[in-house]
Amino acid sequence: MQIIKYPNRDVWQQILSRPIMDSSSLFDTVRKVIDDIRLNGDDAVRQYTKKFDGVELSSFEVTQSEIDEAEKIVSAQLKQAIEIAKNNIHKFHSAQMPELKKIQTTSGVFCWQKAVGIEKVGLYIPGGTAPLFSTVLMLAIPAQIAGCKEILLCSPPDKNGNIHPAVLYAAKISGVHKILKIGGTQAIAAMAYGTESVPKVYKIFGPGNQYVTAAKQLVSLKDVAIDMPAGPSEVEVLADETANPAFVAADLLSQAEHGVDSQSILITTSETLIEQVKVEIDKQLEQLPRKDLAKKALDNSKLILVETMAEAVEMTNEYAPEHLIISTESYTDIANSIVNAGSVFLGNYTPESAGDYASGTNHTLPTNGYAKAYSGVNLDSFMRKITFQEITKEGLTNLSNAIILMAENEELQAHSNAVKVRIGD
């Protein structure tokens, strides 16, 4: 990891840069796959599944017997852990159900909203280097709470044409309606346009590699909504001299093991902490099964020393991390100054891993600085709000002068007339 001491403000942007992942360079390749699937449906999906996943499938849908068999394979201990996570995620997201009031904005004018679940949603669960069954919970549970009528899940099959048993178990207990053995670009295209086997959805959720990211960006231009722009995962630890070096190192490494393009950053006012964390990273790294991945990710990672905690907070808001762990003496006060972050973890005993799995918050979060403008996935992500209004004759009369004057000054006479004919002018 690179150690940077007391950087000037004019180089912050450079030192806080993420690993480059320019999906636009893949657009031509991805667009060909998307167009093929849009035109040729299941036949094209089958062809790309054989090419990219190395398996020929006569049917994409996971059967009930496959789900039942997967449930037998998952250990009782893992089932219990998944149930704990499920209950906490359900509890946290249920509390987000909006309370929408009917408002009388002026005498005789009533306005209100109704929250409605998006009817058809598609969830993408990567198969890559780890089975992300936790992401199934994070996406399917709020979709179920929101009242989405069709919850579709796509995940790539292995060489034997199967999806990981824990993914299938998580999907079953989270309310997924249909599970399909389709991965990568072909999954995103199939959900965006629909095929003989795959219903078209209205919004697509979920992480993925650079091809999946490029595919989501392309289909979102005019054909389907997506959750948010996505990039490699990242964590920042904001710490002072009270932080535990072993804890900080473990948090940085937990992010690094995601993949070679992940990024871990420490911003601190303590030079001693930096030295101690570096020693701990070297020690803990050797114990990790995925240490080769983590080592490469650490090449993208930095230990940054600054003069004051105020400067550390300012740099943090500039970076806008996906995950932010605050390990300082006055972490609550510092948290109040954070305005750009996906999810914040407070104190020495709140690791990012808790939010990734079982505390109840959602782990599908904005990366690459998008936390400056985007929220993480929440119940609202799966809902629309429809506006209603009801106006009495008295109410319209009260508003008529304002409406007529504004419409005629915008030179929209028909808008003005729609009021005049009602009030008898």
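This is a predicted model: local features need pLDDT of at least 70, side-chain atom pairs count only at pLDDT 80 or more; totals for chains, interfaces and linings use all residues.

Biologist: How are the rings of tryptophan 112 and phenylalanine 388 arranged: stacked, edge-to-face or tilted?
Modeller: This is one of the 5 aromatic pairs in the structure. The ring centres of tryptophan 112 and phenylalanine 388 are 5.7 Å apart, and planes under 30 degrees apart count as stacked. Here the planes are at 5°, so the arrangement is stacked.

Biologist: How many residues apart in sequence are the parts that tryptophan 112 and phenylalanine 388 tie together?
Modeller: Tryptophan 112 belongs to strand 3 (residues 109–117). Phenylalanine 388 belongs to strand 14 (residues 383–391), so the pair ties together parts whose separation in sequence is 276 residues.

Biologist: Is tryptophan 112 buried, partly exposed or exposed?
Modeller: Buried would require a relative accessible area under 20%, and exposed one over 50%. The relative accessible area of tryptophan 112 is 25%, so the residue is partly exposed.

Biologist: Which residue lies over the face of tryptophan 112?
Modeller: A charge counts as sitting over a ring if, among other conditions, NZ of Lys is within 6 Å of the ring centre. At 4.4 Å from the ring centre of tryptophan 112 lies lysine 102.

Biologist: Where is phenylalanine 382, the stacking partner of phenylalanine 205?
Modeller: The two ring centres are 4.0 Å apart with planes at 15°, so phenylalanine 205 and phenylalanine 382 are stacked. Both residues are buried.

Biologist: How far from aspartate 36 is the nearest side chain of opposite charge?
Modeller: Aspartate 36 lies in helix 2 (residues 27–53) and is buried. A salt bridge would need a side-chain nitrogen of Lys or Arg within 4 Å of a carboxyl oxygen. Aspartate 36 has no salt bridge, and the nearest side chain of opposite charge, lysine 51, is at a distance of 8.7 Å.

Biologist: Which strands are at the edges of the open sheet of 5 strands?
Modeller: The strand order is 6-5-4-7-8, with parallel pairing. An edge strand pairs on one side only, and this applies to strand 6 (178–181) and strand 8 (225–226).

Biologist: Which residue of strand 5 is the bridge partner of glycine 122?
Modeller: Strand 4 (residues 120–124) pairs with strand 5 (residues 150–155) in the parallel sense over 5 bridges. In strand 5, the partner of glycine 122 is leucine 152.

Key
Residues are numbered from 1 along each chain as its sequence is written. Side-chain values use heavy atoms; hydrogens and water are left out. Rings of Phe, Tyr and Trp (its six-membered ring) pair if their centres lie within 6.5 Å; planes under 30 degrees apart count as stacked, over 60 as edge-to-face and the rest as tilted. Helices (H or I, at least four residues) and strands (E, at least two) are DSSP runs, numbered from the N terminus. Buried means under 20% relative accessible area, exposed over 50%, partly exposed in between (1.4 Å probe, protein chains only). A charge sits over a ring if NZ of Lys or CZ of Arg is within 6 Å of the ring centre and within 35 degrees of the ring normal. Lys and Arg count as positive and Asp and Glu as negative; His and the chain ends are not counted. Two strands pair if DSSP finds at least two bridges between them.
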